[in-house]
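Dear colleague,

Please find below the structure that I am handing over to you. My notes on it follow.

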Amino acid sequence: MKERTTCQIAHIADGQPSHRLLASGTICILSFLALLPVIMGGREELQAVIEGNGHFTKKLYNVLAQKEGNVFFSPISAHAVLAMAYQGSKGTTHEAFGKVLGFSGHLQAAEGYSDVLSHLNNVPNVQLLMANKIFVAEDASLKPTFQEITAKKFLSEVQPVNFGNNNATAKLINGWVEDKTQNKIKDLISPDSLNSATRLVLVNAIYFKGTWASKFDKSLTVTDKFYLNDVDSIDVQMMNNKGKYFFKEDEALDAKVLELPYSNPEVSLIVILPNKRNGIAQLEEKLANTDLSKITENMYKPEVVVKLPKFKIEATIQMNEVLEKVGLGVIFSQGEANFSDMLTGSEPLYVSEVIQKAFIEVNEEGTEAAAATAVVVRTRSRKFSRVLPQNLTVDHPCIFLVRSHDEEHSTSGVSNILFVGKLSNGQFFNR
């Protein structure tokens with residue numbers, strides 16, 4: 001299967017129908033899911049990013065899960081790129097950003113992401129990178145305040161380009177993305193998305209590659225059943241492993257929760273498996289009122305026999321309608337959107353399109369995933385007198401997510417969510 005990436009592309013366009021501003025953010029993750037380990041040492045701004053992203057994740061998932069089939073997206077990619085666009089907004093647009101993203105102001109968002117970026121790019125034992133860049137039209141210029149805050153807090157470079165030469169500019173932008181993601185994200189932006197009226201493209205790229213702390217033995221992978229419902233099943237390649245993992249039976253969710261760490265235990269994959277084969281809909285309803293950033297609270301570490309299928313998911317998501325439903329409809333309104341703190345001059349801007357593409361592959365070695373987005377964290381303190389062996393067999397629809405957590409510095413017991421998915425049909429299994 002061709003490797004793809006998630007790229008959210010938001011076109012922020014000039015108020016005139018023919019003018020557009022393309023903002024694009026990319027996130028690439030290798031090895032099941034990408035994680036964003038950060039130091040959470042009590043910083044209010046960083047805590048705002050963590051909690052805001054957690055609530056944002058639920059909002060997006062609740063909308064995306066309304067359609068049948070698999071789900072996979074990167075909330076942190078969308079959250080980060082929108083937080084950059086937030087810096088150039090005013091009025092009701094500014095208020096909408098703050099409410100949906102979970103910030104009391106754009107400076108809180110900037111300071112929080114400054115901490116995220118500072119620590120994300122210095123995580124040992126895994127390959128992890130997060131980068132931002134702004135491509136601006138040659139005949140336009142960023143306002144000094146907007147340029148300074150995106151450069152200092154979001155570590156974003158700025159490059160003038162000729163959007164009128166759409167083929168060359170798309171090649172330039174895609175080349176930067178490929179470089180930052182080690183060629184895992186290709187063709188992020190189509191030349192058709194650019195023209196002489198495009199004013200700006202915001203890009204966020206995240207790359208992660210990691211191996212499991214305890215790899216699955218390939219010789220133990222066997223053909224087994226995955227039940228799509230109570231009756232129907234398909235054959236899948238089921239990986240097998242046994243070891244001590246953080247685990248819990250969550251009675252409130254009527255589900256089992258398992259954490260599979262990578263070589264750096266601050267980065268891990270969380271699997272939430274309903275106890276019933278047809279329990280995914282009920283699980284989603286319960287998760288709507290659950291803080292996903294605290295999903296790993298009250299876990300313990302027994303020996304667990306794990307059975308997990310190999311799979312790949314590719315997803316392309318048109319985000320306009322999704323963002324409208326979660327409260328950001330104003331950014332798409334030519335009459336109401338206000339991005340007057342973004343560019344010099346008086347041309348009104350609005351977001352014309354937001355797209356996210358995502359890719360993930362899970363195998364015996366670890367995880368490979370990619371995502372891109374553009375706009376034109378835990379307490380484990382339960383003790384048991386006797387710890388019994390547990391089993392987690394992922395042979396029916398489940399929800400998974402990747403989270404980041406800094407065990408040494410965290411005082412909050414929460415984690416930052418980078419990717420979320422639902423595995424519900426057989427289209428993407430390796431068979």
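Which residues lie nearest the centre of the largest pocket? Of the 15 residues that line this pocket, they are Val63, Leu64, Lys67, Ile317 and Val322. Please note that this is a predicted model, in which local features need pLDDT of at least 70 and side-chain atom pairs count only at pLDDT 80 or more, while totals for chains, interfaces and linings use all residues. Residues are numbered from 1 along each chain as its sequence is written, and side-chain values use heavy atoms, with hydrogens and water left out.

The pocket

Two or more lining residues come from each of α1, β3 (71–73), β13 (311–318) and α8 (320–328), and β13 gives the largest share, 4 residues. Helices (H or I, at least four residues) and strands (E, at least two) are DSSP runs, numbered from the N terminus. The volume of the largest pocket is about 340 Å³. On a 1 Å grid over the protein atoms alone, a pocket is an open set of points with protein on both sides within 12 Å along at least five of seven lines, whereas a cavity is a set where a 1.4 Å probe fits but cannot get out; lining residues have an atom within 4 Å of a point. Grid points are joined across faces, edges and corners, and a volume is the space filled by probe spheres set on the points.

The cavity

The largest cavity holds about 70 Å³ of space. Its lining includes Lys58, Tyr61 and Asn62, as well as Glu284 and Leu287. Helix α1 supplies the largest share of that lining, 3 residues, and both α1 and α7 (280–287) supply at least two.

Since 15 of its 21 residues are buried, α1 is largely enclosed by the rest of the structure; buried means under 20% relative accessible area, exposed over 50% and partly exposed in between (1.4 Å probe, protein chains only). Leu323 touches Phe56, Leu60 and Leu82, among others, not counting residues up to four places away in sequence; contact means heavy atoms within 4.5 Å.

Serine 352

Serine 352 belongs to strand β14 (residues 349–353) and is partly exposed, with a relative accessible area of 23%.

Yours sincerely
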